[in-house]
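I opened this structure for the first time today. My notes follow in the order I looked things up.

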Amino acid sequence: MTDRVFLFGTIAGLIVIGVAILSVLAGIASELFGYLTMIVALSTIFFAVKRYRDQELGGVIKFLPAFMMGLGIAVVAGVIYVLVWEVYLVATNYAFFDAYTSTMIEAERAKGATAEAIDALTRDMQALKVQ
């Protein structure tokens, strides 16, 4: 079971971080897109548990082993996500947040937001950057 946890956790982590980095490089800043990416990537939990149940346990699995396997996959994916983001941030000299901020502000301008709304968003983004 441990090998499946690491295999499927690695797949999920690489899907999430790969799509996240590609979206940053492409200038896509959408919370919905990020959320959907994580849902797709973490659906590997379902496939891993189903495959383990069908191939190794004869079609029956109890709740606790399935839960622990899913939790293990999520932890492995989360660790990969954090490690790759840390490497990415160091490699780009922490330029992510500047790119994210400018993308969010440009998106609001494209929607036709007022100058006051854009100024408020800029202040919020600067406060978030300081945090």
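I began with the lining of the largest pocket. Helices α1 (2-26), α2 (31-42), α4 and α5 (96-111) each supply at least two residues of that lining. I took helices as DSSP runs of H or I, at least four residues long, numbered from the N terminus. This is a predicted model, where local features need pLDDT of at least 70 and side-chain atom pairs count only at pLDDT 80 or more, while totals for chains, interfaces and linings use all residues. Residues are numbered from 1 along each chain as its sequence is written, and side-chain values use heavy atoms, with hydrogens and water left out.

How much space lies in the largest pocket? I noted about 420 Å³. Of its 21 lining residues, Ser23, Val24, Ile28, Ser30 and Phe96 are the closest to the centre. A pocket here is an open set of points on a 1 Å grid over the protein atoms alone, where a 1.4 Å probe fits, with protein on both sides within 12 Å along at least five of seven lines; lining residues have an atom within 4 Å of a point. The volume is the space filled by probe spheres set on the points.

I sorted the lining by class next. It has 14 nonpolar, 6 polar and 1 charged residues. Ala, Val, Leu, Ile, Met, Phe, Trp, Tyr, Cys and Pro count as nonpolar, Asp, Glu, Lys and Arg as charged, and the others, Gly among them, as polar.

Then I turned to the surface. Phe63, Leu64, Phe67, Met68, Leu71, Val75, Val79 and Leu83 form a nonpolar patch. Together they have about 810 Å² of accessible area. Patch members have over 30% relative accessible area and no salt bridge, and nonpolar side chains are joined within 5 Å.

Phe63 is exposed because its relative accessible area is 65%. Val75 is partly exposed, at 48%. The cut-offs are under 20% for buried and over 50% for exposed, with partly exposed in between (1.4 Å probe, protein chains only). I also looked up a distance: Phe63 and Val87 are 24 residues apart in sequence and 36 Å apart in space, C-alpha to C-alpha.

How many does a search of the whole structure find? It finds 5. Each is a side-chain nitrogen of Lys or Arg within 4 Å of a carboxyl oxygen of Asp or Glu. Side chains of opposite charge can pair when their charged atoms come close.

Glu56 and Arg4 meet in one, at 3.1 Å, N to O. That pair links distant parts of the chain, 52 residues apart: Glu56 in helix α3 (residues 44-56) and Arg4 in helix α1. Glu56 counts as partly exposed, at 44%.

Lys50 and Asp54 meet at 2.8 Å, N to O. Both lie in helix α3, 4 residues apart, about one turn of the helix. Lys50 is partly exposed at 34%, and Asp54 is partly exposed at 34%. Lys50, Arg53 and Asp54 are linked in a network of salt bridges.

Lys111 and Glu108 meet at 3.4 Å, N to O. They lie in helix α5, 3 residues apart. Lys111 is exposed at 66%, whereas Glu108 is partly exposed at 27%.

Note on methods
Patch = residues over 30% accessible without salt bridge, like charges linked within 9 Å, V, L, I, M, F, W, Y side chains within 5 Å. Areas by Shrake-Rupley, 256 points an atom, 1.4 Å probe, with all protein chains shown as cover.
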